[in-house]
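Student: Could you take me through one part of this model up close, and then show me how the packing looks elsewhere? I'd be glad of one connected answer.

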Amino acid sequence: MPMSRRALAAIAVALVLPLSACGSGGDDGPGSTDASGKVEGDITFQTWNLRANFKPYFEGLIADFEKKYPGTHVKWVDQPAEGYPDKLSADAGGGTLPDVVNVSPDLVAPLAKAGLAMDLDKAAAKYRSEYLPGAWAGHQVPGMKGTYAFPWYLNTGPLFYNKVLFQKAGLDPDNPPKTYADLFADALQMARKSDGKVATLANVPTIEDFGRYGVPLMNRQGTAFAFNNAKGVELLTEYKKLYDAKALDPQALTATPESSGKKFLTGAVAMNPGSALDLGNFKKNAPGLYKNIGITDQITSTGHVNMYVMGVMVNSRTRHTPAAVAFAHFVTDARNQMSFAKKVAIFPSTAGSLDDPYFAKEDGTDETRVRIAAAKSLKTAVNYTPVLFSDQMKTALRNEVAKALQGKESPEQALDNAVDAADRLLRQG
């Protein structure tokens, strides 16, 4: 859930506002990154819309922590999904930010810039090896040194493809495209063989596609976007070829996940991202498709698929650094992540967890089939979406991509315009 500009501005002023830390007492003063002292004291833990469905899990988690560390007390608060960024900004500005906070990368970035997110490369470096490298890097902020949240749960999704449509196009149904070069070649053949009646894709390229294609998305300083370089132009040019050949669905410019799913369900599109829930839908409403469904990894030319990562941040102004760091680590350690993953369709970010039979052993069910495919790809996945890339920036990119596909602008001009808009929004933030 990206932050509004108002929320970003509110957090930015937190640097100059008097900040009172949460909790009471303790030897570690506000701002300390020394987590080596005794784990004790009262801390507050804030989650994001999780109480309704997972209250027993979190109550048990907290009880286990307090038993492990006598002298600690964790107060759990849960905020609704609606307005969560604004709630964080208000707490940051008012000095009431909880000690341990559930965040996503886009939410942690302004807090880190305001000095309110603890650098875990300093405070918790000893734990780094416990997590997948790509997950640990998920809460790093361009232009800043450090990591500003423990990685918590991950998510990704494989691609579904229609084996019958591949076979009719003269393509190997057991060898779907893996790279963008494969995809473009197969998609053009599919369109040609079907006289433009079957598209391979139903969605225009997003910022994640540019990342998976190998396009540098920002400069090294994290001060400007860079996806209008030659490789970015190359990707958009290839999509323009697909659009002209009807290998990209003509309605892709206005597609939603629901509309794309319907296209795939009816055989108008040959590939589409999805989940185990979609398999159930296919089984009920399109048994012919279900019988011939293929599951493969996301398309990537880098060898790494995209992941979505959620994190647990430690407030840099906590008065109980050892307890706050210990609890954030406890929430995200391998045992507790595995327990949480078995209650909801997410994946642990801890090294080795994805080798557990739960994520690796088939049992004949659709849910396990998709879970295994996703878990396998997550081991080396990365979060391609820049933490500074807001919803407004995504809209600007989508609008410019549409103009390029329609021939209203060249791919070069479209991406130049998208980068200019994104940079302008970045400066305003």
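Tutor: Let's start at Gln-79, whose contacts beyond its sequence neighbours are Gln-46, Thr-47, Trp-48, Asn-49, Tyr-84 and Lys-87. Keep in mind that this is a predicted model. Gln-79 belongs to strand E2, which covers residues 72-79. Is Gln-79 buried or exposed? Its relative accessibility is 17%, and because buried means under 20%, Gln-79 counts as buried. One of its contacts is polar: the side chains of Gln-79 and Gln-46 meet at 3.5 Å.

From there, let's turn to the aromatic residues. Across the whole structure there are 31 aromatic pairs. In one of them, the ring centres of Tyr-131 and Trp-136 lie 5.6 Å apart with the planes at 35°, so this pair is tilted. Both Tyr-131 and Trp-136 are buried. Ring pairs also build a cluster, whose members include Phe-45, Phe-54, Tyr-57, Phe-58, Trp-76, Phe-327, Phe-330 and Phe-340.

As for Phe-227, leaving out residues up to four places away in sequence, its contacts include Ile-207, Phe-210, Val-215, Pro-216, Leu-217, Phe-389, Leu-397 and Leu-415.

Phe-340, another member of the ring cluster, takes us to helix H15, residues 334-341. The buried residues of H15 are Asn-336, Gln-337, Met-338, Phe-340 and Ala-341. Which elements cover them? The cover includes helix H2 (51-68), strand E4 (150-155), H14, strand E9 (347-348) and helix H16 (357-360).

A last stop is Tyr-358, where two charged side chains sit over the ring. The charged end of Arg-371 is 3.8 Å from the centre of the Tyr-358 ring, and that of Lys-342 also sits over this ring, at 5.5 Å from its centre.

Terms used:
Residues are numbered from 1 along each chain as its sequence is written. This is a predicted model: local features need pLDDT of at least 70, side-chain atom pairs count only at pLDDT 80 or more; totals for chains, interfaces and linings use all residues. Side-chain values use heavy atoms; hydrogens and water are left out. Contact means heavy atoms within 4.5 Å. Helices (H or I, at least four residues) and strands (E, at least two) are DSSP runs, numbered from the N terminus. Buried means under 20% relative accessible area, exposed over 50%, partly exposed in between (1.4 Å probe, protein chains only). A polar contact is a pair of N or O atoms within 3.5 Å; within protein, one must be able to donate a hydrogen and the other to accept it, and residues adjacent in sequence count only if both atoms are side-chain atoms. Rings of Phe, Tyr and Trp (its six-membered ring) pair if their centres lie within 6.5 Å; planes under 30 degrees apart count as stacked, over 60 as edge-to-face and the rest as tilted. A charge sits over a ring if NZ of Lys or CZ of Arg is within 6 Å of the ring centre and within 35 degrees of the ring normal.
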